[in-house]
Amino acid sequence: MQEKIIDDQILEKMTLENVFKIFNDNVFPMLNEEEKDYCNQLQEFCLELNPKIDKSKDVYVLFPELGKHGYMQRINLWNDFKPYGMKKEILLGTHLSMLDSQLELGRLASGILCGNPTFHYYSHGGTGDTIQKVQDELMSGQKIGCIGITEPNRGSDAVNMTTIASKDGDALIYNGEKVYTTNGPKADYFCTYGVHSAEDPRGTMVQAMIKKEFGVRTERLKINSVPRVHIAHTFFNDVKIPREYILADNGQGYVRLFEGLVPERLGIMGSGIGICWAGLIYGIIYTNLRKQFGKPVVRYQGVGYGLADLLTKSTAATSLALQAATIYDDKILFADKPSKEAEKWVAGISSQGKYYTAKLTHEICYEVQQHMGGIGVTDNSPVDELTDVSKIEEVIGGSRNIQLLLIQNQIQRYLRLI
Ligand SMILES: Cc1cc2nc3c(=O)[nH]c(=O)nc-3n(C[C@H](O)[C@H](O)[C@H](O)COP(=O)(O)OP(=O)(O)OC[C@H]3O[C@@H](n4cnc5c(N)ncnc54)[C@H](O)[C@@H]3O)c2cc1C
């Protein structure tokens with residue numbers, strides 16, 4: 001805190017511990033005993049880590065701490081860290097966002113966006129221990145990963161990518177550029193998509209785990225809202241990738257791209273929910289304690305009803321995310337035979353939920369700042385940092401209109417049902 005003006009008696013209540021108490025009051029009734037135990041452990045971990053976080057340092061110094069507890073991701077089973085699954089991942093993202101929303105962004109890019117493809121590689125019959133080693137390094141937080149999909153001229157139209165992966169014996173040579181590579185400037189591994197032919201991206205897409213040492217060059221982009229996360233413009237100039245680092249070739253890269261999007265969007269919902277609750281709860285604590293004209297400002301309708309509206313939306317987004325994750329776990333991830341019906345539903349709901357939650361993070365944080373008055377925009381409360389991170393939630397993982405486009409496609413198909 002550069003200069004403290006917030007009242008001491010209010011400041012001492014604006015703690016992460018109190019955020020968790022109010023979060024639990026709202027969310028625990030929706031969870032079973034195993035899930036509550038898991039959250040309690042997460043909260044203990046967060047409360048221990050919180051005082052050690054130096055906000056003048058990049059988030060990456062904290063990755064090994066997450067890794068030690070199996071918190072780089074929790075969708076997949078790694079090193080016996082249980083429980084796991086999509087619901088546990090959502091709850092992980094939610095808690096880490098409440099702890100440190102920038103750390104959560106970096107964690108999601110490394111653990112999920114780069115890490116998930118290493119699990120998919122083996123579930124699709126991949127062999128050898130090269131990718132296992134990459135997975136262990138990423139999951140332990142010892143190494144940093146990122147994903148390269150977006151290109152300077154291929155954003156929303158990601159499938160029509162122009163990064164060329166040419167064959168060189170059983171190796172690949174990458175040439176192209178990616179942008180907005182979260183963690184890129186610090187990354188050891190770049191899970192990057194390319195195509196053999198730009199004319200046939202679907203039929204020729206490739207997914208490879210590219211080591212920095214293979215010759216990847218990055219330049220950091222300046223993105224004010226997440227100063228502790230490094231985001232890159234990434235260059236592949238005749239970068240040679242040995243066979244054992246190729247995760248999916250000859251069009252299979254396209255299958256993996258889409259396989260990755262659903263968990264990615266559900267995961268972003270988890271991060272978003274954490275931002276919603278943290279922003280809202282700090283606002284609730286402050287406005288209950290801040291007095292003007294002789295009474296707490298929350299008692300003025302203009303403030304109290306506004307917060308009531310935001311609480312309702314936050315609960316709605318949370319129950320949607322938890323329900324989507326439950327269906328994903330029960331009917332897809334842990335099912336003997338994944339349900340086609342559930343797969344279709346979850347793909348649609350991941351877009352709806354990502355769209356709704358991402359937008360809500362910004363609404364909640366911005367509105368809470370207005371309800372708090374001046375303190376909300378200073379560094380005396382954590383809400384301004386949450387607002388900053390909320391600005392990028394709608395862009396990452398496919399922008400607002402792309403989610404709406406997917407939802408609209410679904411609406412158009414309904415004529416077939418009638
Ligand atoms: C902080 C940050 C981190 C990111 N991290 C990563 C990462 O780690 N890896 C990665 O690969 N990418 C990453 N991205 C990229 C992100 O996924 C893209 O920014 C996003 O997909 C949008 O692409 P674009 O920015 O090129 O916008 P454009 O595609 O140029 O879109 C511009 C505008 O047009 C709209 N639009 C585009 N097409 C349509 C359409 N068909 N219908 C209606 N509206 C449309 C968009 O909604 C948007 O409003 C990140 C972005 C940011 C900002």
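The structure is a predicted model, in which local features need pLDDT of at least 70 and side-chain atom pairs count only at pLDDT 80 or more, whereas totals for chains, interfaces and linings use all residues. Residues are numbered from 1 along each chain as its sequence is written, and side-chain values use heavy atoms, with hydrogens and water left out.

**Figure 1. The shell around the ligand.**

Figure 2. The pairs shown are N or O atoms within 3.5 Å. An N or O atom in the side chain of Ser156 is 2.6 Å from an oxygen atom of the ligand. A nitrogen atom of the ligand is 2.7 Å from an N or O atom in the side chain of Thr182. The backbone takes part through Ile147, an N or O atom of which lies 3.0 Å from a ligand nitrogen atom. Taken alone, the ligand exposes 970 Å², and the protein buries 66% of that (Shrake-Rupley method, 1.4 Å probe).

**Figure 3. The largest pocket.** A pocket is defined on a 1 Å grid over the protein atoms alone as an open set of points with protein on both sides within 12 Å along at least five of seven lines, and its lining residues have an atom within 4 Å of a point. The largest pocket has a volume of about 1000 Å³, a volume being the space filled by probe spheres set on the points. Among its 40 lining residues, Thr150, Gly155, Val395, Gly397 and Gly398 are closest to the centre. The ligand sits in this pocket (more than half of its atoms lie within 2 Å of the grid points). α10 gives the most to the lining, with six residues. The lining divides into 24 nonpolar, 11 polar and five charged residues.

**Figure 4. The second largest pocket.** This pocket has a volume of about 790 Å³. Its lining comprises 30 residues, and Lys55, Asp379, Ser381, Pro382 and Glu385 are the closest to its centre. Elements that each supply at least two lining residues are α5 (86-99), α6, α10 and α13 (383-393).

**Figure 5. The largest cavity.** A cavity is a set of grid points where a 1.4 Å probe fits but cannot get out; the whole structure has three of 30 Å³ or more. About 90 Å³ of space lies in the largest. Of its 14 lining residues, Leu113, Pro117, Ile147, Gly260 and Glu264 are closest to the centre. With five residues, α10 gives the most to this lining.

Notes. Polar contact = N/O pair within 3.5 Å; in protein donor to acceptor, adjacent residues only side chain to side chain. Helix = DSSP H or I, 4+ residues; strand = E, 2+ residues; numbered from the N terminus. Nonpolar A, V, L, I, M, F, W, Y, C, P; charged D, E, K, R; others polar.
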